[in-house]
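User: Please take a close look at one part of this model, the open sheet and its surroundings. Keep it brisk.

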Amino acid sequence: MKTILSILTLILSATAGAQSFQASVSGSATVYAIQSLTLTGGSIIPNFTSFEHYLNGVEVKGYLNIGVKSNKAWTLSVKAQNAHFSPMSAGGSTNMPSSVLSVKPSTSSDYKTISTTSQTIKTGNKGDTNASGNAFQLDIRYNPGFSYKGGIYTLGLIYTLSQQ
Amino acid sequence: MRLFTFFFSLFFIETSLAQDANNFLQVNTNATLNFIFDDPSDIESPQIIPNAISIQVRSKDKSCNISARLSAFTYPYSFVPSSSMIALNWTSDNSNKKFNLNPNPVYLNAMDQLLFSQNKHPQIFTYNYNLIFQPAGYDMVPGTYSFTILFTMTQL
């Protein structure tokens with residue numbers, strides 16, 4: 001009986017000795033829709049030096065490198081800042097419309113004609129620029145035809161990244 | 001003799017339980033444990049709340065281990081966590097009885113992770129920790145991510 005009681009005592013004391021105490025804290029993280037758009041390049045000025053250029057236009061492949069970071073599915077759209085190009089040289093035409101320009105992702109064959117109305121040029125999934133489809137190039141095509149005077153013209157393009 | 005042994009057993013247990021008054025674990029928050037992610041820089045690098053948590057420990061009669069784990073972690077439906085996102089990083093303490101202290105960020109999961117051990121001593125010692133939220137980049141969909149950290153003092 002002594003032995004039993006001694007063992008019981010040891011068991012109970014061992015149980016009592018292995019105490020643990022606990023405390024807890026709680027917190028949270030609030031994540032908003034986060035998007036980032038990076039544009040590099042876009043500085044190539046096309047030269048119209050032949051009849052063919054005026055007849056068929058000039059295409060610049062890989063004109064612009066675009067990187068998208070987004071934690072939601074995204075849409076990239078583009079529009080012209082103004083309805084017409086601005087001539088940078090004296091005597092230039094003031095009526096050359098933005099529709100002279102068209103753009104498309106390099107992986108697409110579907111050129112979008114530029115206007116002052118925003119148009120979707122690409123969509124994608126959440127992720128950084130390593131995610132499939134979130135880093136890509138744009139091709140651009142200039143096709144003024146024969147209606148406008150020679151010179152240097154400018155037109156602002158506005159790219160807008162939004163969440164779906 | 002039986003009666004003596006019985007009362008001896010009761011006395012021993014009561015004494016062990018009475019030691020609770022000498023053992024102490026308290027966790028204090030020194031800041032609101034709320035992270036805000038609203039900028040690309042937030043989501044691309046760890047966010048830190050400096051000295052967010054203080055752990056006070058007294059273990060008078062036995063050495064002890066202090067560990068922590070995530071007892072709860074909830075997140076938006078479409079998010080799939082791939083690795084531990086919450087970590088504690090020791091910054092300072094006033095203890096001269098600590099050992100096995102991990103000075104590096106301790107990333108928490110559902111299993112207890114040892115923060116430090118402390119030799120028995122009647123004094124209360126305080127250990128301060130940064131709270132780190134390691135974002136999962138742009139896979140972190142908008143919404144609220146909530147967590148509860150459970151600290152456990154286990155006597156050795």
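Analyst: Buried means under 20% relative accessible area, exposed means over 50%, and partly exposed lies in between, with a 1.4 Å probe and protein chains only. By that rule, buried residues make up 42% of the 156 residues in chain B. This is a predicted model, in which local features need pLDDT of at least 70 and side-chain atom pairs count only at pLDDT 80 or more, while totals for chains, interfaces and linings use all residues. Residues are numbered from 1 along each chain as its sequence is written, chains are lettered from A and ligands numbered from 1 in the order in which they are written, and side-chain values use heavy atoms, with hydrogens and water left out.

First, the setting. Chain B has two helices and ten strands. These are DSSP runs numbered from the N terminus: helices are H or I with at least four residues, strands are E with at least two. Their order along the sequence is α-β-β-α-β-β-β-β-β-β-β-β. Contact means heavy atoms within 4.5 Å. Of the chain B contacts between residues at least 6 apart in sequence, 76% join residues at least 24 apart.

Now the sheet. Five strands of chain B form an open sheet, ordered S1-S3-S9-S5-S7, with antiparallel pairing. Its edges are strand S1 (23-29) and strand S7 (106-107) of chain B, each pairing on one side only. Two strands pair if DSSP finds at least two bridges between them. S1(B) and strand S3 (residues 47-59) of chain B are joined by seven bridges in the antiparallel sense. Here Val27(B) stands opposite Ile55(B) of S3(B).

Stay with Ile55(B). Beyond its neighbours within four places in sequence, Ile55(B) has contacts that include Leu25(B), Gln26(B), Ile66(B), Leu115(B), Phe125(B) and Phe151(B). Ile55(B) also belongs to the largest nonpolar core, which has 43 residues. Such a core is a set of buried Ala, Val, Leu, Ile, Met, Phe, Trp, Tyr and Cys residues joined through side-chain atoms within 4.5 Å. Ile53(B), Ile55(B), Leu131(B), Ile149(B) and Phe151(B) touch the most other members. Another core, of 24 residues, lies apart from it and includes Leu64(A), Ile66(A), Val78(A) and Leu155(A).

S3 of chain B also holds Asn51(B). Its phi is near 45°, a positive value in a residue other than glycine. Asn51(B) is partly exposed, at 35% relative accessibility. Asn100(B), also not a glycine, has a positive phi of about 55°. Asn100(B) sits in the loop between strand S6 (98-99) and S7 of chain B.
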